[in-house]
Amino acid sequence: MEDKKQLILVVEGTAALGPYWRTIVSDYLEIVIRSFCFSESLKHSGTIAELALIIFNAHGSFSSCLVQRSGWIRNVDCFFEWLSAIHFTRDGFGDAATAEGLGEALMMFTPQNQHNLGVERHCILVAASNPYQLMQKIETTDNNEAHSESRFSDAETIAKAFAQCSVSLSVICPKQLPKLKAVYNAGKRNPSAADPTINIVKNPNYLVLISETFLEARAALSRRSGITKLPSEIHGGLTQQTTGVQSKYVKVWEGSLSGQRQGRSIFITRLEGYRSASANESLAINWPPTMQIVRLISQDHMNNKQYVGKADFLVFRAMNQHGFLGQLQEKKLCAVIQLPSQTLLLSVSDKACRLIGMLFPGDMVVFKPQIFNQQPQPQPQQQQQHQTKKGLDGMPKKIKGLVKFIKDKLVGRHTRVKIWDKFKC
């Protein structure tokens with residue numbers, strides 16, 4: 001089975017978004033999509049990038065369909081033709097059917113199982129209106145007995161399912177709409193993670209929130225907005241108080257980071273390594289061109305006070321992104337790399353494309369050996385959640401009931417989901 005990663009754009013099709021669409025495509029979507037589909041990691045790993053488009057309108061709109069969707073496509077130029085051909089309806093003065101659009105996206109993603117755990121799955125919501133709130137009847141199963149309940153459920157409820165289904169959710173809006181920010185927050189896998197707002201000078205009023213696990217998008221837009229300097233603060237309180245931060249760091253190494261999956265080496269990213277100007281000049285003199293991760297351990301090892309003064313800290317810059325880095329951050333794990341005469345621990349920082357390295361002498365035991373696995377193993381509590389009863393397609397039944405209701409009930413006969421058929425490539 002070929003490795004792949006998937007991205008769905010969920011776009012509001014009303015007139016509220018129309019005036020901003022060309023700017024959103026040129027300043028945000030084109031940058032993200034091209035980075036997603038043409039990164040160096042794809043060339044090295046053979047991973048396939050797939051794209052899909054969903055358009056949602058407003059209830060009682062001029063459009064004949066509330067939700068339209070395409071199939072999966074790998075032709076980037078054709079996908080941009082779809083984006084340029086979107087026709088925005090004449091309405092746009094009320095709330096939009098955001099929940100239906102997001103629900104359709106969840107239905108399109110293949111549920112995760114043991115065969116596709118490595119598949120990256122991302123969704124970007126592009127909207128200019130507040131979401132419509134809906135009363136929904138949701139079927140649940142408890143002790144083999146079916147129950148029905150009615151509750152108010154909106155786009156925020158659907159967004160929470162994204163996190164449970166391991167799908168990243170990002171938001172782009174030409175206005176500062178608190179309700180759309182709430183949708184983004186509901187979809188975050190790590191609720192305590194900082195909001196990585198992307199500010200582009202010529203679009204000061206835009207709300208651009210990129211998921212903490214969509215590292216490629218964050219990196220690409222950060223470069224676009226001029227955020228390219230190394231961080232002024234690194235792990236353990238090591239601080240360089242200077243306006244010329246890069247002058248305090250010296251590049252000591254450049255190469256590849258690799259892991260292992262089922263016995264074969266997997267390319268993760270190109271890396272650049274920087275040491276503090278005051279560190280030993282020969283610190284990286286015998287480092288190989290490829291760093292191979294041998295195991296994963298808890299990030300707590302990097303906070304162990306007994307190692308204070310016994311390790312060197314470094315900053316690494318990821319040149320391209322891989323979903324594995326996002327999983328390290330989410331699971332609070334660090335990668336162990338065995339170098340010829342040293343041991344390096346790598347963790348992902350909260351800044352896009354930044355990793356923190358902790359370098360120990362080779363004879364210092366800093367962890368108990370454990371088998372490396374390309375996918376961080378879930379904790380006992382998470383394993384219990386994964387064992388929840390699931391439907392035939394692998395989606396937890398409560399989430400499946402919620403999303404299926406949107407598809408089968410809210411999107412009724414005259415507003416049913418329309419499969420894209422007017423764009424041919």
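This is a predicted model: local features need pLDDT of at least 70, side-chain atom pairs count only at pLDDT 80 or more; totals for chains, interfaces and linings use all residues.
Q: What makes up the secondary structure of the protein, and how many of its residues count as buried?
A: The secondary structure comes to 10 helices and 16 strands. Of the 425 residues, 52% count as buried. The protein exposes about 20200 Å², and carbon and sulfur atoms supply 48% of that area.

Q: Why is Ser-129 called buried?
A: Buried means under 20% relative accessible area. Ser-129 has 6% relative accessibility, so Ser-129 counts as buried. You will find Ser-129 in the loop between strand S4 (120-126) and strand S5 (134-142).

Q: Which residues touch the most other members of the largest nonpolar core?
A: They are Trp-21, Leu-29 and Ile-33, in a core of 39 residues. The elements that give two or more residues to this core are strand S1 (4-12), helix H1 (21-37), strand S2 (48-56), helix H3 (76-84), S4 and helix H7 (215-224). The largest share, nine residues, comes from H1. Apart from this core lies another, of 35 residues, including Ile-54, Phe-162, Cys-165 and Ala-186.

Q: Which residues is Leu-29 in contact with, leaving aside its neighbours within four places in sequence?
A: Contact means heavy atoms within 4.5 Å. On that basis, Leu-29 is in contact with Leu-9, Trp-21, Ile-24, Ile-124, Val-126 and Ile-172. Across the protein, among contacts between residues at least 6 apart in sequence, 74% join residues at least 24 apart.

Q: How do you know that strand S7 is largely enclosed by the rest of the structure?
A: Strand S7 covers residues 168-173, and six of the six are buried, so the strand is largely enclosed. In a regular strand the side chains alternate between the two faces of the sheet. Both faces of S7 are covered, with Ser-168, Ser-170 and Ile-172 buried on one side and Leu-169, Val-171 and Cys-173 buried on the other.

Q: What makes S7 a partner of both S4 and strand S8?
A: Two strands pair if there are at least two bridges between them. S4 and S7 have five bridges, in the parallel sense, and Ile-124 stands opposite Ser-170 in S7. S7 and S8 (residues 207-209) run antiparallel and are joined by three bridges, with Val-171 opposite Leu-209 in S8. Both counts meet the cut-off, so both are pairs.

Q: Why is helix H8 described as largely enclosed?
A: Helix H8 spans residues 323-331, and seven of its nine residues are buried, so the rest of the structure largely encloses the helix. The buried ones are Gly-323, Phe-324, Leu-325, Gly-326, Gln-327, Leu-328 and Gln-329. Just after H8, Lys-332 takes a positive phi of about 55°.

Q: Which strands form the closed barrel, and how do S9 and S10 pair?
A: The barrel has seven strands, running S9-S10-S12-S15-S14-S13-S11 with mixed pairing. The twist averages 40° from one strand to the next. Strand S9 (residues 249-261) and strand S10 (residues 264-276) pair in the antiparallel sense over 12 bridges. Arg-261 stands opposite Arg-264 in S10.

Methods: Residues are numbered from 1 along each chain as its sequence is written. Side-chain values use heavy atoms; hydrogens and water are left out. Helices (H or I, at least four residues) and strands (E, at least two) are DSSP runs, numbered from the N terminus. Buried means under 20% relative accessible area, exposed over 50%, partly exposed in between (1.4 Å probe, protein chains only). A nonpolar core is a set of buried Ala, Val, Leu, Ile, Met, Phe, Trp, Tyr and Cys residues joined through side-chain atoms within 4.5 Å. Axes are lines fitted to C-alpha atoms, for helices over the stretch in contact, and angles run from 0 to 180 degrees between N-to-C directions. Accessible areas come from the Shrake-Rupley method with a 1.4 Å probe; for residues, only the protein chains shown count as cover.
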